[in-house]
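Subject: Structure for your review

Dear colleague,

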Amino acid sequence: MTSFTPSAPEDILVSALTLARGRATHLRNVILGLTRQTRQPDELVIGVMQDTLYDDLPQTDFPIRQVQVTGRELPLSRARNAVAAGATGECLVFLDVDCIPAPDLIADYMGYARPGNGLIMGEVNYLPAGTASEGWTYSRLEAVAVRHSDRQGPPAEGLKRCNDYRCFWSLNFAIHREDWDQSGGFDERFTGYGGEDTDFGRELDARGVPIHWAKGAKVFHQHHAHCMPPIHHIPSILRNTEIFADKWGHRTMNHWLTAFRLMGLVGSDGDALVQLREPDADDFALCEQQSDQPYANTARVLRHLRGEEQIAAE
């Protein structure tokens, strides 16, 4: 573990960065969270992945700029690179649009994201449905938020080196501009859903840019219905895993691919992976996050598909 107390010069500039397509209520909550920071960011840059810019955003003491990055499929890699390129800060704080920052997030990242520290991943807690409604308070979020059972917990203090690039997840991280420049940014060949995070983590590893878990820098993940494994994104996942394999010599997202195979959604045609059928209502019933679940869980689905839940019950 790295013993590291977050502290930073007061004059360091911090750019908060997020990406959005739809999700106007989620975006509003992210902005409200940024206005409630113990140290507000110096700006917010929004990568807008739709044809129209957002209006009626909350009033802030920091400027908000919208950078339009459109594409038929979600241009996540291109949008992250675009907001970073358009940012003026030395400390780049990336937040997914469904992540409400806790009050000390900016202050924590200011201390952690120094040149040479590489990429810093803050804490993530998940909220049940209906929690982040109009008039939400941090005390209410803290009371009901839970940690993901399949994700690494934060260190007891400071930073802890993450030695497995596959753990990188882009929903809440920060990086100093110098380390961002060394990383080369996200590979823009990845479009749609899946693979770009693991590729970026692998690229950091190859370039000698460290990855750390952090104590603090927490976000509250807002509930929204989605599927794990993401059966609604199979075509882009199959395409992106082949891009990854061409680049690094092996496929990624194997836990999702395994689930797709067990469900009969994906098979092989020689060395290629192909989609065999469209997901049906039963598939969605198995994989879709329910209103009483703070997060969807691929591990749970895999246990069900392998019959391990029945074995445990017996």
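In which helix is the place of Asp283? In this predicted model, Asp283 belongs to helix H9, which covers residues 281-287. The relative accessible area of Asp283 is 7%, and because buried means under 20%, Asp283 counts as buried. Beyond its neighbours within four places in sequence, Asp283 is in contact with Ile231, Met263, Leu265, Arg277 and Glu278.

A pair of helices may also be of interest to you. Helix H7 (residues 234-248) and helix H8 (residues 254-262) have axes that come within 11 Å and cross at roughly 130 degrees. The two helices are therefore oblique to each other. The crossing in which H7 passes H8 is left-handed. On the H7 side, the contact is made by Ile234, Ile237, Leu238 and Thr241, and on the H8 side by Trp256, Leu257 and Phe260.

Turning to helix H1, its 12 residues are numbered 24-35. From the first C-alpha to the last, H1 reaches 17 Å, close to the 16 Å expected at 1.5 Å a residue. The buried residues in H1 include His26, Leu27, Asn29 and Val30, and Ile31, Leu32, Gly33 and Leu34 are buried as well.

As to annotation, an unreviewed UniProt entry places the feature "domain: Glycosyltransferase 2-like" at residues 61-140. In the model, the end C-alpha atoms of that span lie 25 Å apart, and residues 61-140 are 28% helix and 24% strand.

Yours sincerely

Definitions and conventions: Residues are numbered from 1 along each chain as its sequence is written. This is a predicted model: local features need pLDDT of at least 70, side-chain atom pairs count only at pLDDT 80 or more; totals for chains, interfaces and linings use all residues. Side-chain values use heavy atoms; hydrogens and water are left out. Helices (H or I, at least four residues) and strands (E, at least two) are DSSP runs, numbered from the N terminus. The expected span of a helix is 1.5 Å times one less than its number of residues. Buried means under 20% relative accessible area, exposed over 50%, partly exposed in between (1.4 Å probe, protein chains only). Contact means heavy atoms within 4.5 Å. UniProt positions are given in the numbering used here, feature names are shortened, and annotations may be inferred rather than shown by experiment. Axes are lines fitted to C-alpha atoms, for helices over the stretch in contact, and angles run from 0 to 180 degrees between N-to-C directions. Angles under 35 degrees count as roughly parallel, over 145 as roughly antiparallel, 65 to 115 as roughly perpendicular and the rest as oblique. A crossing is left-handed if the near helix is turned anticlockwise from the far one by less than a right angle, and right-handed if clockwise.
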